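Please keep the sequence and the structure in view while reading.

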Amino acid sequence: MRSDYLFTSESVSEGHPDKVSDQISDAIVDLFLSKDPEARIACETLTTTQLVVLAGEIRCKGVYENGEWAPGAQDEIEKTVRATVKRIGYEQDGFHWEKLEFINRLHGQSDHIAQGVDAADNKDEGAGDQGIMFGYATDETPDLMPATLYYSHKILERMAADRHSGAAPFLEPDAKSQVTLRYEGSLPVAATAVVVSTQHAPGYDEGEKEAELHAYVKRVIADVIPPVLLRETVYYINPTGSFEIGGPDGDAGLTGRKIIVDTYGGASPHGGGAFSGKDPTKVDRSAAYITRYLAKNVVAAGLATRCTIQIAYAIGVSEPLSLYVDTHDTGTVGDDKIEEAIKGIAKLGGLTPRAIRTHLGLNKPIYQPSAAYGHFGRKPEGDFFPWERTDLVDDLKAALA
C-alpha cells in the first residue's frame, strides 16, 4: 500500500450557490418532519439570480394530502425559504432574501414509489430506492475524518463565523477552500498548498484592502492548521483577482452537487446519491449515515485506523443486499469478522431502513445544520448528528471477544 503521496480535498461555504440550494432543501425536510415524522420528501432546489425554485415529491399529513395543500402551508414554505437565505446572509442586488422570486413546484409522491416503501400486512418497510452507500473513518483527526477535508471545512466555518459576527465585515457569503497535504507513512506531515477564494466587498481586490483580505485569510489558516504543517505552504488567495459577484447571482445552484464536500473529500468511494432534500426513508441518506456511524465506531474501538464500509439496497426491499468492510490492512481482526460482528448486533436490527431510522432517531427535523460544512465529522449534540456518536464501541468489542 502506497504511504507517501499528496492528497487534496475542497470545501465550500454556506453561501456557495449549491450549498444555498442544499440548505433550502433541508429546511423544507425539517419543516415537513416537524409536522409529520413519517413525511416523505424529495425536494430539489434551484437558485439563480433573484430566483428560488422548489421541485419534487412530498407526502405529509396536515400539509399536503389527497393532492391538496393545507391552508397556509405554501406561505409557510415560502417563509422557510426566505428565512434560510436571510440566515446565510444574502442581501445583495443579485440575490436578496426579501426580493427574490419564489416558485413552488412540489407535488404528491408517486403511488408506485409509495407502495414499495410503505409497510403493509406482512411486508416491512422497504428501501426508498436502490443504490450503494459508503461510510468512512480515519484516525487522522480527532473527529476521525480525512485531514484534508477537516481543515478545508474549518477554514470556511471560521470565516463564516467572523462574517456573521462582524469581525470580518469585508467578507460576503460565497467562498471555497482547498487543502493539499503531503503524507509520509500515511500520516499528514505538511500542507503544500492552501487555496481560498472568497467573495468580498467592493475594493478588496487591490491595494491595501486586498492586502488586508489576504492577511486575514492567512491568519485564519494559521489558526486552523497546526504550524508544523505550514512550513512549506504555498497560498492561493482569490487567485483569479476580483470576486465581488458570487452566490446564486454568480452561478446557479442546485441541490446535491457537492456530494464529495458533504462526505469525505474524495478519500472514500461515493455511491453517487446526494443527501439534502431527502427524508430518511431514502437510503441515499440514512444508509450513508449508518455506514459512517459503523466505520467511525470501528476506528474508535481500536479495531482499525482506517475503515470503509459499503452497503447496498433494492427499492422496496427491507434487508440490505450486501455489507462490505475494508480496513485497508490496518485492522486488528479480519474484515470478515467485523462484518459478522455488525450483522450480529441486535440493536442494529439487520440494518433495514426502519431499524436505521429507529436506532439513530432520524425521523426528526435535524437536517438543515448538516447541509453546510459536511454531514460528517460533526459534534453529536442532542438530537443532532446522531450518526457521529461512538456508542457502538462496546458492542463491537463484545461481539469480537
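What percentage of the 401 residues of the chain count as buried? The share is 55%, where buried means under 20% relative accessible area, exposed means over 50% and partly exposed lies in between, with a 1.4 Å probe and protein chains only. The model is predicted, so local features need pLDDT of at least 70 and side-chain atom pairs count only at pLDDT 80 or more, whereas totals for chains, interfaces and linings use all residues. Residues are numbered from 1 along each chain as its sequence is written, and side-chain values use heavy atoms, with hydrogens and water left out.

**Overall form**

- The chain contains 11 helices and 13 strands; these are DSSP runs numbered from the N terminus, helices being H or I with at least four residues and strands E with at least two.
- Along the principal axes, the C-alpha atoms of the chain fill a box of roughly 70 × 60 × 30 Å.
- Carbon and sulfur atoms hold 49% of the accessible surface of the chain, which comes to about 16400 Å²; such areas come from the Shrake-Rupley method with a 1.4 Å probe, and for residues only the protein chains shown count as cover.
- Among contacts (heavy atoms within 4.5 Å) between residues at least 6 apart in sequence, 73% join residues at least 24 apart.

- Four strands form an open sheet in the order 1-8-9-10, with mixed pairing; two strands pair if DSSP finds at least two bridges between them.
- Strand 1 (5-12) and strand 10 (234-237) stand at the edges with a single partner strand each, so one side of each has no neighbour in the sheet.
- On average, neighbouring strands of this sheet are turned by 15° against each other, direction ignored; axes are lines fitted to C-alpha atoms, for helices over the stretch in contact, and angles run from 0 to 180 degrees between N-to-C directions.
- Strand 1 and strand 8 (residues 171-184) run antiparallel and are joined by eight bridges.
- Threonine 8 has threonine 180, in strand 8, as its bridge partner.
- Helix 4 (residues 147-165) lies across strand 1, strand 8 and strand 9 (187-200), and runs at about 155° to strand 8.

**Salt bridges**

- The whole structure holds 24 salt bridges, each a side-chain nitrogen of Lys or Arg within 4 Å of a carboxyl oxygen of Asp or Glu.
- One of them pairs lysine 176 with glutamate 10, with the closest N and O atoms 4.0 Å apart.
- This pair links strand 8, which holds lysine 176, to strand 1, which holds glutamate 10, across 166 residues.
- Lysine 176 is partly exposed at 35% relative accessibility, and glutamate 10 is partly exposed at 28%.
- Another joins lysine 379 and aspartate 143 at 3.1 Å, N to O.
- Lysine 379 lies in the loop between helix 10 (353-360) and helix 11 (393-400), and aspartate 143 in the loop between strand 7 (131-138) and helix 4, so the pair ties together parts 236 residues apart in sequence.
- Lysine 379 is exposed at 54%, whereas aspartate 143 is buried at 7%.
- Aspartate 391 and arginine 389 form a salt bridge with their closest N and O atoms 2.8 Å apart.
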